[in-house]
Every structure is written in C-alpha cells, then in structure tokens.
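Have the model open while you read, and start with the helix pair.

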Amino acid sequence: MSRRNRPSTSARVKVVTTEIPLTQCVLLAGGLARRMGGGDKPMRTIGGRTILERVIARLSPQCSGLILNANGDPARFASFGLPVVADDVPGFPGPLAGILAALDWTAANRSEIEWVLSAAGDCPFLPRDLVARLHEARTRENAQLAVAASGDQSHPVIGLWRVALRDELRHALVVEDLRKIDRWTARYPLATVTWPTAPLDPFFNANTVEDIAEAERLAALDAAS
C-alpha cells in the first residue's frame, strides 16, 4: 500500500501531492569537478545560494528523507545536517556505487522504504514533480526502474531504484566490473519520463566555470516561473 510522503516544513517550494510510496533520496555529490579546478561542485554558489542548497530545497518536499553520497571527509557537509554515506566499492567506480551505497543505507536504516531516488548534486533546477512523475510512469508501465529525460537526452543518474535490487547491483559492480548506469538499467523493464527544456532544462548541471555563469541567468528564469 502506498503512503503519502511527509514534506519538509522548512522548504519553501510547492509540495507534490500525488499519492506515492515512501521514497528515500540520495544526492550524489562525489564528483571531482576537474573542469572547475577541483573541489565539490555542489558547493559552488548560484544567486547567493549553493547548488546543494537548491537541490535540497527542490527534493525535500518530495522525499521521505535525504542523504548525501560523498567520499572523503564528511565534515565539509556538516552544515546541511544530512547523513553522509560513502561508497563501499573501492576505486571510485562512479554513480552506480553511490546508488548502491544509498540502497544499502536505506535497507539498514529505513527498512519500511522500498524505493530510492538518486539525483545529481549539481542540478539546481530539478523538477518539483520529479518523484511523482517517475513513480507514476513506472507503475503505469509495470517497470522495475524509472529514469528522467529532457528533450532527446536521457539522464540515467536521476532515477528511481528498487531497494530489493541492491544485491544484483553489487554483483554487477564487484564481480562484473560494470560501470555504466544504462548498461545496468537495460537488464530491467525501464520507464523513462521526459520533461520539456523550455523555459529551461530542469536537468541542467554545472560542470564548468562557464556553466556557473549560465546557471546565474537560468536562476532568474527559474525564480520567475
């Protein structure tokens, strides 16, 4: 039986009211930001707020809880008050390891939750109906997984993952040395939900210094929408 998610009272964003299962969210914040000279991309500032603050504000009302996936010293994220979960697969194998860490954490700490939403920690304009639409699509299509898309581009790092698949994901990562998300999702019935790219692409992510400048412009559009 699905239950209504409990929105955060502190987030000043529109609350999704679709009846959906409890959903844990993991913000993947482990990128090395080489094209920005290193550091944590989500800690860059747009319009006076860090990208990570913007991501948290978007997703808090949609999820039953948030955790951060990041490696290294977790103290650098202490001000956000979220659990920080590191990869336990060595060698920085990419976002699938972060998703696995979130599935394992949820199984151990939130056993009542069957679904995890993963989202990139450097996407400041995520849709306010992200969780609701992904759940609606995977239910309608009887899918095991659901991912987001915009225009003609898929964003497999932003998706819904069933906690019960964590052992299969671990086997793929550790035994098969699988790294690409779309190679793993291809093994299961998959729903893809597409959002429009106007007036802005909700999955815009800040990878370069130039992207930060563009994000400043888009933030003004987003505030007016």
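1. Start with the crossing: α2 passes α4 in a left-handed sense. The two helices pack at an angle of about 150°, and their axes lie 10 Å apart. Bear in mind throughout that this is a predicted model.

2. Who makes that contact? On the α2 side you'll find Leu96, Ala97, Ile99, Leu100, Leu103, Asp104 and Ala107, while α4 brings in Arg166, Leu169, Arg170 and Leu173. Sorted by class, the contact between α2 and α4 comes to 8 nonpolar and 3 charged residues, with no polar ones. The spacing is worth a glance, because an α-helix has 3.6 residues a turn and residues three or four places apart therefore point the same way.

3. Helix α2 covers residues 95–109, which is 15 residues, so at 1.5 Å a residue it should span 21 Å; the C-alpha atoms at its ends are 21 Å apart, in agreement. As for burial, the buried residues of α2 are Leu96, Ala97, Gly98, Ile99, Leu100, Ala101, Ala102, Leu103 and Thr106.

4. Now the sheet. It is open, has 7 strands in the order β5-β4-β1-β6-β8-β7-β9, and its pairing is mixed. At the edges sit β5 (84–85) and β9 (190–195), each of which pairs on one side only. Helix α1 (residues 51–59) packs on this sheet and touches β1, β4 and β6 (115–120), with its direction at about 165° to that of β1.

5. Look next at β1 and β4. Strand β1 (residues 23–28) runs parallel to strand β4 (residues 65–69), and 5 bridges join them. Leu28 has Asn69 of β4 as its bridge partner. Those two residues are 41 apart along the chain, yet their C-alpha atoms are separated by 5.0 Å. Is Asn69 buried or exposed? With a relative accessibility of 6%, Asn69 falls under the 20% cut-off and so counts as buried.

6. What does β7 pair with? It runs parallel to β9, with 6 bridges between them, and antiparallel to β8, with 5 bridges. Ser150 is a handy residue for seeing both pairings: it stands opposite Trp195 in β9 and opposite Gln153 in β8.

7. Gly151 belongs to the loop between β7 (145–150) and β8 (153–162). The β7 and β8 hairpin has 2 residues between its strands, and Gly151 takes a positive phi there, near 60°. Its relative accessible area is 48%; since that lies between the 20% and 50% cut-offs, Gly151 is classed as partly exposed.

8. Leaving out residues up to four places away in sequence, Gly151 touches Thr194, Trp195 and Thr197. Pro196 is 45 residues from Gly151 in sequence, and the C-alpha to C-alpha distance between them is 6.0 Å.

Definitions and conventions:
Residues are numbered from 1 along each chain as its sequence is written. This is a predicted model: local features need pLDDT of at least 70, side-chain atom pairs count only at pLDDT 80 or more; totals for chains, interfaces and linings use all residues. Side-chain values use heavy atoms; hydrogens and water are left out. Two strands pair if DSSP finds at least two bridges between them. Helices (H or I, at least four residues) and strands (E, at least two) are DSSP runs, numbered from the N terminus. Contact means heavy atoms within 4.5 Å. Axes are lines fitted to C-alpha atoms, for helices over the stretch in contact, and angles run from 0 to 180 degrees between N-to-C directions. The expected span of a helix is 1.5 Å times one less than its number of residues. Buried means under 20% relative accessible area, exposed over 50%, partly exposed in between (1.4 Å probe, protein chains only). A crossing is left-handed if the near helix is turned anticlockwise from the far one by less than a right angle, and right-handed if clockwise. Ala, Val, Leu, Ile, Met, Phe, Trp, Tyr, Cys and Pro count as nonpolar, Asp, Glu, Lys and Arg as charged, and the others, Gly among them, as polar.
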